[in-house]
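Visitor: Can you walk me through the annotated site and the core of this one?

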Amino acid sequence: MNTKQLDQIRTGEGFIAALDQSGGSTPKALQQYGVPDDSYSTEEEMYGLVHEMRTRIIKSPAFDSRYILGAILFENTMDRSIDGQYTADYLWERKSIVPFLKVDKGLAEPEDGVQLMKPISGLDELLKRAGERNIFGTKMRSVIKDANPAGIKKAVEQQFALGNQIIGAGLVPIIEPEVDIHSPDKEAAEQLLKEELFRQLSALDQDAKIMLKLSIPTVNNFYSDLMDDPHVIRVVALSGGYSQAEANERLARNHGLIASFSRALSQGLTAGQTDKEFNDLLSRTIQDIYEASVK
Ligand SMILES: O=P(O)(O)OC[C@H]1O[C@](O)(COP(=O)(O)O)[C@@H](O)[C@@H]1O
């Protein structure tokens, strides 16, 4: 493991850029970017367009390690290049930003109030390739809809079982049991989730290291005790569908919790903007998310 990258993620002042929308989320991300569905007719064309969007973000002068500690990539992005370098190498060597890889294959159907991750076929091969591409860590997402103890237990158990496999491959897993921000019992679900997380953390090998990616909690600083666990390198927050302004406002109330936003990061960016318009907006967005993260 790259200890310089580990230290940057553990103690750096800044946040994580989530650029890992999966195939399922990419059409919506492109629509938000002003690229409608009828702009492409094949999946390959779609991935080409979203790589252009991500390349424009990553190459922007605003996308700087003074504010951004790491970036989460989609597998297709990991296998593409920017200015002749694999994306992960460009990020670390040209921008000093730590690369992560999304490894999940999407969500299963809702059951017991949660959506587990679909089985991740070929995970060992993917982790081997991630190592070859100089990836530091991974990210995988489940979704919790209700305060269902059995469902939340299953979701967290699945996350940690795969997390141990990822640790065994020499990478740091970001474990992301998202709690739906529209859940009628969000606070109760967060209470059950935290209990399950501590249960699983206590069962980890002594030197096992993970990261947690969680929805911004209803109760301010609700996850502060998770930040103190010796296995936890950092606790980061997804934006979950909150607007950029609301996500930042809620995040700022949680000391030590830093952003790992996807939608809230790319909000307002469009393909039709001039470089100045695009870079100025991205710079303001990054500043706002940075300030909400370091509070
Ligand atoms: O495309 P997926 O795998 O459904 O994930 C969607 C997004 O969810 C996230 O975990 C959080 O994104 P948001 O900040 O937009 O909620 C991102 O990492 C990812 O891009």
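Guide: We can start with the annotated site and then turn to the core.

Visitor: What am I looking at?
Guide: This is a predicted model, where local features need pLDDT of at least 70, side-chain atom pairs count only at pLDDT 80 or more, and totals for chains, interfaces and linings use all residues. Residues are numbered from 1 along each chain as its sequence is written, and side-chain values use heavy atoms, with hydrogens and water left out.

Visitor: Is E176 buried or exposed?
Guide: E176 is buried, at 2% relative accessibility (buried means under 20% relative accessible area with a 1.4 Å probe, protein chains only). K213 is also buried, with a relative accessible area of 2%.

Visitor: What does E176 touch?
Guide: Not counting residues up to four places away in sequence, E176 touches K139, M140, R141, S142, Q159, K213 and L238. A contact is heavy atoms within 4.5 Å.

Visitor: On to the core. How many residues are in the largest nonpolar one?
Guide: The largest nonpolar core has 79 residues, and L265 and F15 are among those with the most contacts inside it. Such a core is a set of buried Ala, Val, Leu, Ile, Met, Phe, Trp, Tyr and Cys residues joined through side-chain atoms within 4.5 Å.

Visitor: And a second core?
Guide: A separate core of 16 residues includes L6, W92, V172 and V236.

Notes. Buried < 20%, exposed > 50% of the residue type's maximum accessible area, 1.4 Å probe, protein only.
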